[in-house]
Amino acid sequence: MSQSNSSRIRGERLVKYSVITPPFLFLLTFFLVPALIMVVASFRYPGEFGGLAPLFRGEDGVGGVTLENYKLFFSSTNYAWIFLRSFGVAALTTVICLFMAYPVALLVARSPKKSRDLLVLLCVLPFASNFLVRVYAWMIIFQPFDLMHSRLAVIIGMVYVHLPFMILPLYTNLEKHDPTLLDAAQDLGANAWHRFWRVTFPMSIPGIFSGALLVFIPVLGMFAIPEILGGKNDWLVGNMIKDAFLGSRDWPFGSMLSMVMTIAVLAAVGLATALAKKGVPRA
Amino acid sequence: MALLEVREVTRRFDNFVAVNNVTFSVNAGEFFTLLGPSGCGKTTLLRMIAGFDQPDSGGIFLDGVDLKDTPPEKRPIHTVFQSYALFPHMTVEQNIAFPLKMAKQNEEEIRAKVKNALDLVDLTDRAKRHPHELSGGQRQRVALARGLVNRPRLLLLDEPLGALDAKLREQMQIELIALQRDTGVTFVFVTHAQAEALALSHRIAVMRAGKIEQLDEPDRLYGQPRNRFVADFIGNVNMHEATVKAAGETLTLELGKLGKIVAPMPKNQTLAEGASGVFVIRPEQVAIRAAQESSNDPNQFVGTVNDFLYIGDVTTYIVDLPDGARIEALLPNSAPGRAKFFELGDPVRVSWKAEAGAFLDS
């Protein structure tokens, strides 16, 4: 019996590994390896016509490793300003998305079960049409109001594109709340505001958190919206990185920008997580 | 004046009448129970008292004041929900402080009252825990403490012991009685468990299909059920179709093919010869002995043991009577060393006194 048992366990293990291996290899090849390439690239020299100079300095004196890219970044406040602006735009977009998404998510979560799926579908329906087409449609709306190439246009566009990413995690969270808790709160003397602020809201913080991550990080990397809807002064980190690779063809500089942004994002998220854990106990 | 009055309350859901013209009142300091099978309307009634639902007609009065326009959060009535409904993001302490905060009491007062409440339910060492870190019984006690902490006029309890296992349930029953006595808060308790209702309540309203079948103290409900439903719902009972043969000081009944028995004459009720109904008698009022032994009881039949249930403290014998009917008799196992007295198929004599049992015509 123990033999058949151990062979059953071995079988289960085989299934487990064969299921996990393809995605593991995929992520290894197309996520981890490029990330490492990027780390290394940020310390290298650019090639003559784009690309990278050799990793080891040749006899012609070309290639090798350097801190030059990072020095360039910290030598001027311009880059820091763009970073700051990017974080500002991302934060503002996140906050606006939160305020717009919360009522929608709450409405959907408290609708009759039958209509919820339809309402969720409506929230993600814009994804069914091409992103660029939708952004160009915004141009038609903005032009008569003379909003084109303004920061407001960038923010509106950002909010529009990222709103569903806030609605969905919030809805997923709110939908799981036990309605009896609201009855209990009311029974114990809580009016509508207190029922929201003391019960619904604190319980939805994990949902807010995942929604905020799903909005904040993509906004930082977004270059299409600032490019189309914004002016030259509305460039964000994403635009700089895109320009480094496709415009000035300075891959190491783009890699360095990417690195700095990754570290900054990780730091921001880490800080927010620590604060959230400290401030609000898990439900 | 009664603390709570429910006057001619009716509540319909589409074509279904959940509560049908119900009237009763609860006195201050009372432990009052609404008892009935699921779907009898007891929870609907409770929700209307709490304010989550409104009667279609009739009214609910607290201290003589109609509660119709008072929303749940303004009623001095708290509920202990079946699922406890503790706030998962708050500690035990914060849960208990919640109603006090809502009532805008000052910090110092809140702290003192929460401490008292924790003490009352013996959870002082769990004050900083979250509900998910507690056992079922502890959660139950937090829910009770939260409901009682600012001394509502009325505490509604919706099957609060339903989720607990048997042993814990018994312990919580004792705690509930003590809590009610110590706080002096009036309890309205809803349950479908008749034993629980009997053990806890000062008075019980037995409900069926939206109506109150009988409202009485536990011993009267058990000893003098008004109709078949109540007799059957409360405790175990033997029931036999019967016809009145003679009605006087006592009642002579014809139990079908079994023959005649004497039974007590129902009080406040006139019965004519020929009236039909059921004769009901509790198993513990039926004596059982070997068939060859004689009994002085006026009502006796010889039958055979069909089955027995050994419970420990008592054994219930199921006896086949000559007409095919069955009767249960309870024998206490108080004689040392003797667990049971009869085997399957043994001929036995069952008997009961003239004043035992009751005739019910409805």
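Student: Which residue of β2(B) stands opposite B:Val9?

Tutor: In this predicted model, the residue of β2(B) that stands opposite B:Val9 is B:Val22. Strand β1 of chain B, residues 4-13, pairs with β2(B) in the antiparallel sense, and seven bridges join the two.

Student: What order do the strands take in the open sheet of four strands in chain B?

Tutor: The order is β2-β1-β4-β5 in chain B, and the pairing is antiparallel. At the edges are β2 (16-26) and β5 (65-66) of chain B, each of which pairs on one side only.

Student: What makes strand β7 of chain B, residues 154-158, count as mostly covered?

Tutor: Five of the five residues of β7(B) are buried, and a residue is called buried if 20 or more other C-beta atoms lie within 10 Å of its own. The side chains can be sorted by direction as well: B:Leu154, B:Leu156 and B:Asp158 point one way from β7(B), whereas B:Leu155 and B:Leu157 point the other way, and all are buried.

Student: Which strands does β7(B) pair with, and in what sense?

Tutor: Strand β6 of chain B, residues 77-80, runs parallel to β7(B) and is joined to it by four bridges; within this pairing, B:Thr79 has B:Leu156 as its bridge partner in β7(B). Strand β8 of chain B, residues 186-191, also pairs with β7(B) in the parallel sense, over five bridges, and here B:Leu155 has B:Phe187 as its bridge partner in β8(B). Between β7(B) and β8(B) the chain passes through helix α5 of chain B, residues 166-183, in a β-α-β crossover that is right-handed.

Student: Why is this crossover from β7(B) to β8(B) called right-handed?

Tutor: The word is used if, with the strands pointing away from the viewer, the path from the first strand over the helix to the second runs clockwise. The crossover from β7(B) through α5(B) to β8(B) is assigned to that class.

Student: Why is A:Ile20 called exposed?

Tutor: A:Ile20, which is found in helix α1 of chain A, residues 2-41, has 10 other C-beta atoms within 10 Å. A residue is exposed if that number is 12 or fewer, and therefore A:Ile20, with its 10, is exposed.

Student: Is A:Ala190 buried or exposed, and what shows it?

Tutor: A:Ala190 lies in the loop between α7 and α8 of chain A, and it has 22 other C-beta atoms within 10 Å. The cut-off for buried is 20 or more, so A:Ala190 is buried.

Student: Which residues are in contact with A:Ala190, leaving aside its neighbours within four places in sequence?

Tutor: They are A:Ala185, A:Arg195 and A:Arg198, together with B:Glu73 and B:Met102 of chain B. Each of these contacts rests on C-beta atoms, placed from the backbone, that lie within 7 Å.

Student: How many residues of chain A are in contact with chain B?

Tutor: There are 17 such residues in chain A, in contact with 18 residues of chain B. Helices α7 (179-187) and α8 (192-203) of chain A each supply at least two residues of the side that touches chain B, and α7(A) gives the most, with six residues. By kind, the residues on this side of chain A divide into ten nonpolar, five polar and two charged.

Student: What secondary structure do the two chains have?

Tutor: Chain A comes to twelve helices and zero strands, whereas chain B comes to eight helices and 20 strands. Of the 283 residues of chain A, 28% count as buried, and of the 362 residues of chain B, 40% do.

Student: What is the radius of gyration of chain A, and what would a compact globule of 283 residues have?

Tutor: Chain A has 24 Å, while a compact globule of 283 residues would have a value near 19 Å.

Student: What confidence does the predictor give?

Tutor: The complex has an ipTM of 0.84 and a pTM of 0.83. For chain B the mean pLDDT is 91, with 99% of its residues reaching 70 or more.

Conventions. Residues numbered from 1 in each chain as written. Chains lettered and ligands numbered in written order. Predicted model: local features only at pLDDT ≥ 70, side-chain atom pairs only at ≥ 80, totals over all residues. Contact = placed C-beta atoms within 7 Å. Nonpolar A, V, L, I, M, F, W, Y, C, P; charged D, E, K, R; others polar. pLDDT = per-residue confidence, 0-100. Rg over C-alpha atoms; globule rule 2.2 N^0.38 Å. Pairing = 2+ DSSP bridges.
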